Amino acid sequence: MIHNPIIPGFNPDPSICFDGKFYYLTTSTFEYFPACPIYRSKNLSKWEFLRYAMDDDRMPDLSNCPESSGIYAATIRYYRGRYYIVTTNVNGYGNFLLSTDNIENGVWNGPLFIGKNGIDPSLYFEGDRCFFCSNGILDGKRGIIGALIDPSSGKLETELKMLTPGESHYATEAPHIYRKGSFYYLVFSEGGTEYGHHCLVARSQNIDGPYELYKGNPILSHTDRIRHPIQATGHADLIETDSGDWYAVFLAIRPFSDRTKLHNLGRETFLARVTWTNDGWPVIGDNGKVELCMEDKIDTAPVLAKKMEFIDFSRPLERQNLESIRNRRKENYLLDPEKRTVTLIGNGKLTEHLSSPTVLLHRQESFEQSMEIFLDANATTDGAIGGICIWHSMNYSLLLRISKENGTLVAETERHVHDLCVTSDRIAVAAKGQVKLSIAAEKEHYTIAFEKDLLISSASFANFSAEACMHKSFTGTFYGLFAEKGKVCFLQPQ
């Protein structure tokens with residue numbers, strides 16, 4: 001069975017490649033750092049987090065990056081022993097290219113800047129040439145544009161050309177090119193990455209067109225499945241396995257209730273088989289429809305309720321699936337494997353506009369998922385302020401804030417919804433030993449607790465849903481640790 005999603009939680013805009021041994025997949029990260037997580041699988045069944053493509057001070061520049069801006073959809077490709085990622089920083093220099101010959105441990109070369117025309121760039125390699133495409137504007141018209149590119153420099157070698165204006169002319173984006181037989185296939189999305197999202201295909205015998213749209217479009221769409229648990233399917237990338245089978249990875253969302261169209265986990269990564277019609281067109285899933293469980297020879301792991309393993313104290317933070325906001329000052333994150341602790345040094349309020357606070361965030365992966373962490377009161381400095389959080393953005397969060405004041409721990413919760421902020425009563429306990437902090441999600445609510453249930457606050461999933469935000473949100477919900485002032489020491493649970 002294929003159990004969807006294959007990579008749960010906030011992992012949108014997936015792209016995939018195969019180097020003959022492993023499949024590698026990357027997703028979007030927007031204002032979060034490090035950028036572009038890379039996941040690895042031997043057979044499309046079991047996926048593991050490997051590393052981030054951008055995890056050092058060279059890139060990306062997310063300073064003053066608004067929420068849901070920053071690093072948009074990336075494409076990952078492998079060709080002749082080298083791995084390539086092409087993506088967009090909409091907060092700055094536009095499209096750029098990275099490459100490495102060692103995806104497991106090597107340094108990514110770049111960024112090589114391509115230009116600011118469009119988003120969702122992609123690469124197609126053939127022989128000694130490489131073709132670049134993205135969405136964009138030419139002569140005042142929007143659509144999918146393309147040109148030959150030198151992948152060693154990022155410079156376009158031919159003039160950009162309109163490949164297709166699309167079908168609906170609304171949010172024509174996420175293009176990828178493939179070759180099968182005598183045709184080049186251009187798969188792209190329209191409808192916006194919301195409930196109207198869907199995938200289409202066109203083909204041509206020349207890579208730069210003209211492309212003929214498939215009369216059976218869309219090849220992936222749930223726009224007419226109003227109550228289905230999977231919505232907003234789109235942004236697909238296809239892959240041919242070494243056995244000749246074709247699959248697609250794509251984004252979709254899971255509303256947390258069949259009573260309302262709200263989702264809080266973000267856009268996730270799904271998988272489905274691709275079949276080819278008798279006249280040579282690709283179709284994703286069952287005639288464009290997909291399910292949470294689909295019969296297939298691939299057997300993926302189901303998404304289960306579980307306790308979140310937040311931090312592996314034996315490994316560098318950069319090699320863990322942990323995000324910060326905008327930038328991460330490494331000197332403020334001190335991991336001690338022997339003591340099994342991480343000490344966070346405060347860098348201002350977590351909810352300060354356009355800031356880079358000291359925070360470690362892990363994607364919430366299922367509707368029922370808990371997290372426990374211990375605050376080491378003895379190792380936390382007097383005057384320090386920190387705690388745990390449920391985080392969607394600055395205006396949509398629930399914080400359990402702990403301050404150490406003259407040998408006492410003082411706790412309160414702070415909830416942000418739109419432009420409203422509500423705090424709870426303050427509760428004080430003696431600052432001794434280990435103090436348990438916890439988050440639990442169940443059905444449609446979160447609870448956040450301090451020590452032996454001395455302080456409990458709850459919030460609805462709806463407070464963290466993309467549809468309920470004041471501004472369009474492309475991200476999902478995280479659980480996190482933070483420090484706002486002083487040194488706050490967290491201890492891994494036994």
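How many nonpolar, polar and charged residues does the lining of the second largest pocket have? By class, that lining has 13 nonpolar, no polar and three charged residues. The model is predicted.

| Pocket | Volume | Lining residues nearest the centre |
|---|---|---|
| Largest pocket | about 770 Å³ | Trp47, Phe49, Lys306, His362, Glu365 |
| Second largest pocket | about 430 Å³ | Arg77, Tyr78, Tyr124, Tyr178, Ile239 |

The second largest pocket is lined by 16 residues.

The largest pocket has 31 lining residues. They divide into 14 nonpolar, eight polar and nine charged. Strands E6 (47-54), E26 (306-307) and E30 (358-363) each supply at least two residues. E6 gives the most, with three.

**An open sheet**

Strand E21 also belongs to an open sheet of four strands, in the order E21-E22-E23-E24. Pairing in this sheet is antiparallel. E21 (231-240) and E24 (282-284) are the edge strands, each pairing on one side only. Neighbouring strands are turned by 35° against each other on average, direction ignored. E23 (residues 268-276) pairs with E24 over three bridges. Val274 stands opposite Ile284 in E24.

**A loop glycine**

Gly191 sits in the loop between strand E17 (183-190) and strand E18 (198-204). Is Gly191 buried or exposed? Gly191 counts as buried because its relative accessible area is 14%, and the cut-off is under 20%. Beyond its neighbours within four places in sequence, Gly191 contacts Tyr170, Ala171, Gly196, His197 and His198. Glu173 is 18 residues from Gly191 in sequence and 9.2 Å away in space, C-alpha to C-alpha.

Note on methods:
Residues numbered from 1 in each chain as written. Predicted model: local features only at pLDDT ≥ 70, side-chain atom pairs only at ≥ 80, totals over all residues. Heavy atoms only, no water. Pairing = 2+ DSSP bridges. Axes fitted to C-alpha atoms, helices over the stretch in contact; angles between N-to-C directions. Buried < 20%, exposed > 50% of the residue type's maximum accessible area, 1.4 Å probe, protein only. Contact = heavy atoms within 4.5 Å. 1 Å grid on protein atoms, 1.4 Å probe; cavity = no way out; pocket = protein on both sides within 12 Å on 5 of 7 lines; lining within 4 Å. Points joined across faces, edges and corners; volume = space filled by probe spheres on them. Nonpolar A, V, L, I, M, F, W, Y, C, P; charged D, E, K, R; others polar.
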